[in-house]
Amino acid sequence: MKLISSLIFFLLFSLPHSSPTPTKSRKRLQIHKPCKTLTFYFHDIIFNGHNSKNATSAIVGTPPWGNTTTLAKQNHFGDLVVFDDPITLDNNLHSHPIGRAQGFYIYDKKEIFTSWLAFSFVFNSTRHKGTINFAGADPLMNKTRDISVIGGTGDFFMTRGLATLSTDAFEGEVYFRLRVEINLYECW
């Protein structure tokens, strides 16, 4: 028995030793500078049953207790809104648009005012051509919120990065303006 114990002890210590931590020093997280930084504003005017001429978004899905002209009670939970909003370089709704913000948002919690976004900035101007695509959670009560830049086309081909959203202005539940600060970390 003593011979078997000694043999097991010898085998355990003679096998190549592996460790849960790498033997080479770990690479430190490198903080990269963005390859491109952009700031835009987009203006969302929700259809409320009376503003069809200038509405840029509409409720297309509602919970059983909702309707398509009024956002649902309980933090708008269950509403699905599709939008085609103008993008401007400044915060003036009447400034010349340089593109459109196109996509949707879903109000996704009863307890907290929050949504989930998926949209594209579609550019067709002398300044920019192509798209930047975004997706992520938008906790609306936070002053700033970060969502992912998940790709793009044209001038923004295969770009990746981070967009910081802030609500720049709102008028009740009919109009809001978002300031979007974009930091791109993969530029081609």
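Predicted model: local features only at pLDDT ≥ 70, side-chain atom pairs only at ≥ 80, totals over all residues.

**Labels and their cut-offs**

User: Why is Cys187 called partly exposed?

Analyst: Its relative accessible area is 35%. Buried means under 20%, exposed over 50% and partly exposed in between, with a 1.4 Å probe and protein chains only, so Cys187 is partly exposed. Residues are numbered from 1 along each chain as its sequence is written, and side-chain values use heavy atoms, leaving out hydrogens and water.

User: How do you know that Cys35 and Cys187 form a disulfide?

Analyst: The sulfur atoms of Cys35 and Cys187 are 1.9 Å apart, and a disulfide is a pair of cysteine sulfur atoms within 2.5 Å, so the pair qualifies. A search of the whole structure finds one disulfide. The pair links distant parts of the chain, 152 residues apart: Cys35 is in the loop between α1 (2-14) and β1 (36-45), and Cys187 in the segment after β9 (175-186).

User: What makes the disulfide of Cys35 and Cys187 right-handed or left-handed?

Analyst: The torsion about the S-S bond is about 80°, so this disulfide is right-handed.

User: How do you know how many helices and strands there are?

Analyst: Helices (H or I, at least four residues) and strands (E, at least two) are DSSP runs, numbered from the N terminus. The protein chain has one helix and nine strands, in the order α-β-β-β-β-β-β-β-β-β.

User: Why is Ile87 called buried?

Analyst: Ile87 has a relative accessible area of 0%, so it is well covered by the "buried" label. This residue lies in strand β3. Taking contact as heavy atoms within 4.5 Å and leaving aside neighbours within four places in sequence, Ile87 is in contact with residues including Phe40, Phe42, Ile98 and Phe121. The C-alpha atoms of Ile87 and Ile98, eleven residues apart along the chain, are separated by 5.9 Å.

User: And why is Asn51, in a loop, called buried?

Analyst: Asn51 lies in the loop between β1 and β2 (57-61), with a relative accessible area of 12%, so it counts as buried. Beyond its neighbours within four places in sequence, Asn51 is in contact with Ile45, Ile46 and Val174. Across the protein chain of 188 residues, buried residues make up 36%.

User: What makes a set of residues a nonpolar core?

Analyst: The members are buried Ala, Val, Leu, Ile, Met, Phe, Trp, Tyr and Cys residues joined through side-chain atoms within 4.5 Å. The largest such core has 30 residues, and those with the most contacts inside it are Phe42, Phe121, Ile132, Phe134 and Ile182. β9 gives the most to this core, with five residues. Leaving out residues up to four places away in sequence, Phe121 touches Phe42, Ile132, Phe134 and Ile182, among others.

User: Which element gives the most to the lining of the largest pocket?

Analyst: β9 does, with three residues. Of the 20 residues that line this pocket, the closest to its centre are Phe113, Leu140, Thr167, Phe170 and Phe176.

Key:
1 Å grid on protein atoms, 1.4 Å probe; cavity = no way out; pocket = protein on both sides within 12 Å on 5 of 7 lines; lining within 4 Å.
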